[in-house]
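Open the model in your viewer and keep the sequence panel at hand. The stops below follow one another, each beginning with a selection.

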Amino acid sequence: MANNVTVDSVRSFPRKVEVIGVPVGTTGAIPRQVGLSRATLNTHGFHGRVGQTLTVPSSSGPTIIALGIGDSRKATVATVRRSAAALARAASGRASVATSLVDAVSLDARAAAQAAVEGFVLASYRYTDLKSGVENPAVSVALVATGSRAKGCDSGVERGRTTAAAAWTARDLANTPPAYLTARMMADRAVAMAKESGLDVEVFDNDKLAVMGCGGLLGVNRGSIEPARMVKLTYNPSGKPSGSPRHLVMVGKGITYDSGGISLKPSDASHANMKMDMSGAAAVLSAMSALKALRCRTKVTGYLMCTDNRPSGSAMAMGDVLTFRNGKTSEIHNTDAEGRLVLADGLSLGTESKPDAMVDIATLTGACMAALGTKIAGVLGTNEAFIEQVKEAAGRADEPVWQLPLERDYRRSLDSNVADMRNIGGPYAGAITAALFLSEFTGNVPWAHLDIAGPMSVDGDDGWLSRGATGFGTRLLIELALNFTKPKR
Ligand code: BES
Ligand code: MN
Ligand code: ZN
């Protein structure tokens with residue numbers, strides 16, 4: 001669905017604007033535009049805390065919304081993103097909004113402006129494609145920045161448009177029901193997006209995948225009447241590379257619907273959310289679509305591993321053994337542990353190109369959600385320096401991650417009597433045993449794995465998260481690529 005939010009960087013308040021968001025801190029003077037004293041604001045429950053808003057009634061002129069920014073000297077990009085989201089929600093239904101949020105914080109103007117755009121746009125997100133007669137209302141937002149902050153605001157707005165649009169697209173893809181986004185359709189979308197955003201793209205069908213020995217993706221696909229697709233995306237930085245060229249591989253789990261297969265899931269709410277099991281692939285695709293506009297200096301290769309996972313007469317059975325691209329074998333003890341099977345082939349292919357680092361992103365385990373909840377993704381991997389880069393990217397994006405240990409001692413729980421490993425471990429530490437499975441396919445490439453099962457969706461609106469798919473990981477991956485350096489091994 002179209003993103004109907006238009007944000008511009010301007011030098012002064014537009015004359016005809018419906019809403020003005022006036023930043024108010026927890027301390028300091030109340031701007032005159034508000035027209036009320038701090039005591040009066042306090043009486044009405046408004047203290048200037050981040051995310052708080054108070055609509056101030058007036059008989060004429062634009063509606064004034066007092067916009068809490070906390071302690072303005074301590075404002076971070078996350079603060080600005082949250083404040084902008086709060087403004088979007090408080091001003092919802094209005095066609096034009098202006099705010100001096102970027103000028104009100106001591107933060108670098110470019111970073112502040114980018115965060116403001118992200119907050120406003122992403123809080124305005126709705127998936128409306130399948131609601132008859134409903135469209136996202138158009139709103140124009142003016143970010144007022146003056147003097148020395150003007151230039152930074154201009155460039156931050158441009159970057160914010162790009163990053164917010166990427167996350168918006170990832171949400172759209174994940175919110176799309178299974179029948180509207182099969183693996184083939186996902187590949188078609190990827191081809192279209194690649195063309196628009198200057199990426200090279202190659203699509204692999206079942207025949208090609210068979211020749212390549214991608215038995216994991218094909219094994220999961222066996223139960224489906226829809227063919228699988230693997231999409232390889234390549235971003236090559238233009239111009240002459242300065243210094244040695246860097247190369248980052250991203251692999252995304254693209255299960256367009258996870259029924260569990262023969263190990264059928266119960267018909268509960270979480271099963272109904274399994275149209276979002278391609279959120280990892282959506283994050284990789286969307287993130288990569290932003291790299292050219294953001295002038296990323298690192299070469300990035302992406303693999304989207306797409307199929308649905310269904311039970312049928314042809315579905316992989318319990319006890320079946322699959323052979324992956326790198327020659328390793330796995331005995332299937334639960335067809336619902338399918339994500340690791342499709343990622344295995346993607347990671348194997350990624351490893352073959354000897355990149356400087358590899359990251360995968362997947363709605364992989366309920367166990368990770370049990371451990372970290374719905375706000376935080378798990379990160380595990382083989383290289384601390386690279387994991388550190390992932391954590392830093394997560395911090396900048398305000399997409400929180402927490403590291404879990406890749407405990408080698410748990411590897412024995414994957415031991416199989418007939419194959420190199422079973423596809424599930426024991427009853428505990430499911431997020432770790434899943435990552436240990438994946439580590440069998442990463443050779444000696446520095447690797448990090450993001451388990452986004454928890455934060456892939458939210459039940460209700462929450463700041464810049466809008467109910468439904470979150471697009472989690474999209475902006476994290478953008479940050480990771482933009483700031484990537486070769487990790488020490
Ligand atoms: N896609 C699911 C994991 C998931 C669960 C994502 C809830 C988002 C929300 C994954 O394919 C799965 O089914 N995992 C199993 C693994 C188990 C069989 C070892 C799980 O977590 O139960
Ligand atoms: Mn599953
Ligand atoms: Zn799954």
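## Aromatic side chains

Start with Phe437, which is buried, its relative accessible area being 0%. The model is a predicted one.

Phe437 and Phe441 form an aromatic pair, with 5.6 Å from centre to centre and 40° between the planes, and the pair is tilted. Now show Phe324 as well: Phe324, Phe437 and Phe441 make up one aromatic cluster.

The count of aromatic pairs comes to five. For another of them, select Phe386 and Phe484. The ring centres of Phe386 and Phe484 are 6.0 Å apart and the planes stand at 90°, so this pair is edge-to-face. Phe386 is buried, with a relative accessible area of 0%. Phe484 is buried too, with a relative accessible area of 0%.

## The zinc ion

Next, select ligand 3, the zinc ion, and display its donors. Which residues coordinate the zinc ion (ligand 3)? They are Lys253 through NZ, Asp258 and Asp277 through OD, and Glu338 through OE, at 2.0 to 2.4 Å. The six donor atoms around the zinc ion subtend angles of 77 to 172°, which makes the arrangement octahedral. In the sequence panel, the spacing of the donor residues reads K-x4-D-x18-D-x60-E.

## The manganese ion

Asp258 bridges the manganese ion (ligand 2) and the zinc ion (ligand 3), which lie 3.1 Å apart.

Display the donors of the manganese ion (ligand 2): Asp258 (OD), Asp336 (O), Asp336 (OD) and Glu338 (OE), at 2.0 to 2.2 Å. Is the arrangement around the manganese ion (ligand 2) octahedral or irregular? The six donor atoms subtend angles of 70 to 166°, and the arrangement is irregular. In sequence, the donor residues of the manganese ion are spaced D-x77-D-x1-E.

Asp336 counts as partly exposed, at 22% relative accessibility. Glu338, at 1%, counts as buried.

## The largest pocket

The largest pocket has a volume of about 730 Å³. Select Met274, Thr365, Gly366, Met369 and Ala453: of the 35 residues that line this pocket, these are the closest to its centre.

To see where the lining comes from, colour by secondary structure. The elements that give two or more residues to it are β9 (247-258), α9 (269-272), α11 (339-352), α12 (366-372), α14 (430-439) and β18 (457-458). Helix α12 contributes three residues, the largest share.

Last, colour the lining by residue class. How do the residues of the lining divide into nonpolar, polar and charged? There are 12 nonpolar, 15 polar and eight charged residues.

Notes
Residues are numbered from 1 along each chain as its sequence is written. Chains are lettered from A and ligands numbered from 1 in the order in which they are written. This is a predicted model: local features need pLDDT of at least 70, side-chain atom pairs count only at pLDDT 80 or more; totals for chains, interfaces and linings use all residues. Side-chain values use heavy atoms; hydrogens and water are left out. On a 1 Å grid over the protein atoms alone, a cavity is a set of points where a 1.4 Å probe fits but cannot get out, and a pocket is an open set with protein on both sides within 12 Å along at least five of seven lines; lining residues have an atom within 4 Å of a point. Grid points are joined across faces, edges and corners, and a volume is the space filled by probe spheres set on the points. Helices (H or I, at least four residues) and strands (E, at least two) are DSSP runs, numbered from the N terminus. Ala, Val, Leu, Ile, Met, Phe, Trp, Tyr, Cys and Pro count as nonpolar, Asp, Glu, Lys and Arg as charged, and the others, Gly among them, as polar. Donors are N, O and S atoms within 2.8 Å of the metal (3.2 Å for Na, K and Ca); water is not among the atoms, so sites may look incomplete. Four donors count as tetrahedral if all angles lie between 85 and 135 degrees; four count as square planar and six as octahedral if opposite donors are over 155 degrees apart and all others between 65 and 115; anything else is irregular. Rings of Phe, Tyr and Trp (its six-membered ring) pair if their centres lie within 6.5 Å; planes under 30 degrees apart count as stacked, over 60 as edge-to-face and the rest as tilted. Buried means under 20% relative accessible area, exposed over 50%, partly exposed in between (1.4 Å probe, protein chains only).
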